[in-house]
Amino acid sequence: MHQLVQTARGVCTVLLPSEKFDISEAFRLIEAHRVSNLFTVPTILKMMVEHPAADKLITPRCVT
C-alpha cells in the first residue's frame, strides 16, 4: 500500500545497495537524496533513532 502512494505521487524510491542493513549507508542516502518519507520495520526504525547520526538529520518540527 505504501508503495502505491509513492508511485501515485511520482516520487523516487531509494534502496540500499547491500543485502544486510548498513545504518551508515542508510543515513548517507537519506541525506544525499533528501528523503522525507521512510517505510521500514520497527526494528530498523529503532536502530536508526538510537544511532548518533539521527541527531544530525532528525530535527523537531512544529506542525500546525
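Which side chains meet in a salt bridge at 2.9 Å, N to O? I found Glu25 and Arg28. A salt bridge here is a side-chain nitrogen of Lys or Arg within 4 Å of a carboxyl oxygen of Asp or Glu.

A note on the source: this is a predicted model, where local features need pLDDT of at least 70, side-chain atom pairs count only at pLDDT 80 or more, and totals for chains, interfaces and linings use all residues. Residues are numbered from 1 along each chain as its sequence is written, and side-chain values use heavy atoms, with hydrogens and water left out.

**Entry 1: salt bridges**

I looked up where Glu25 and Arg28 sit. They are three residues apart in helix 2, so about one helical turn separates them. Helices (H or I, at least four residues) are DSSP runs numbered from the N terminus.

Next I checked exposure. Buried means under 20% relative accessible area, exposed means over 50%, and partly exposed is in between (1.4 Å probe, protein chains only). Glu25 is buried at 19%. Arg28 is partly exposed at 46%.

How many salt bridges does a search of the whole structure find? It finds two. Besides the pair above, I noted Glu50 with Lys46, whose closest N and O atoms are 2.7 Å apart. Both lie in helix 3, four residues apart, about one turn of the helix. Glu50 is exposed, at 55% relative accessible area. Lys46 is partly exposed, at 49%.

**Entry 2: the largest pocket**

I looked up its volume: about 720 Å³. A pocket is an open set of points on a 1 Å grid over the protein atoms alone, where a 1.4 Å probe fits, with protein on both sides within 12 Å along at least five of seven lines. Lining residues have an atom within 4 Å of a point. The volume is the space filled by probe spheres set on the points.

The largest pocket is lined by 27 residues, and the closest to its centre are Val14, Val35, Asn37, Leu38 and Phe39. Helix 1 (2–9), helix 2 (23–32) and helix 3 (42–50) each give two or more residues to the lining. Helix 1 gives the most, with four. The lining divides into 14 nonpolar, nine polar and four charged residues.

**Entry 3: Val14**

I found Val14 in the loop between helix 1 and helix 2. Val14 is partly exposed, with a relative accessible area of 31%.

Key:
Ala, Val, Leu, Ile, Met, Phe, Trp, Tyr, Cys and Pro count as nonpolar, Asp, Glu, Lys and Arg as charged, and the others, Gly among them, as polar.
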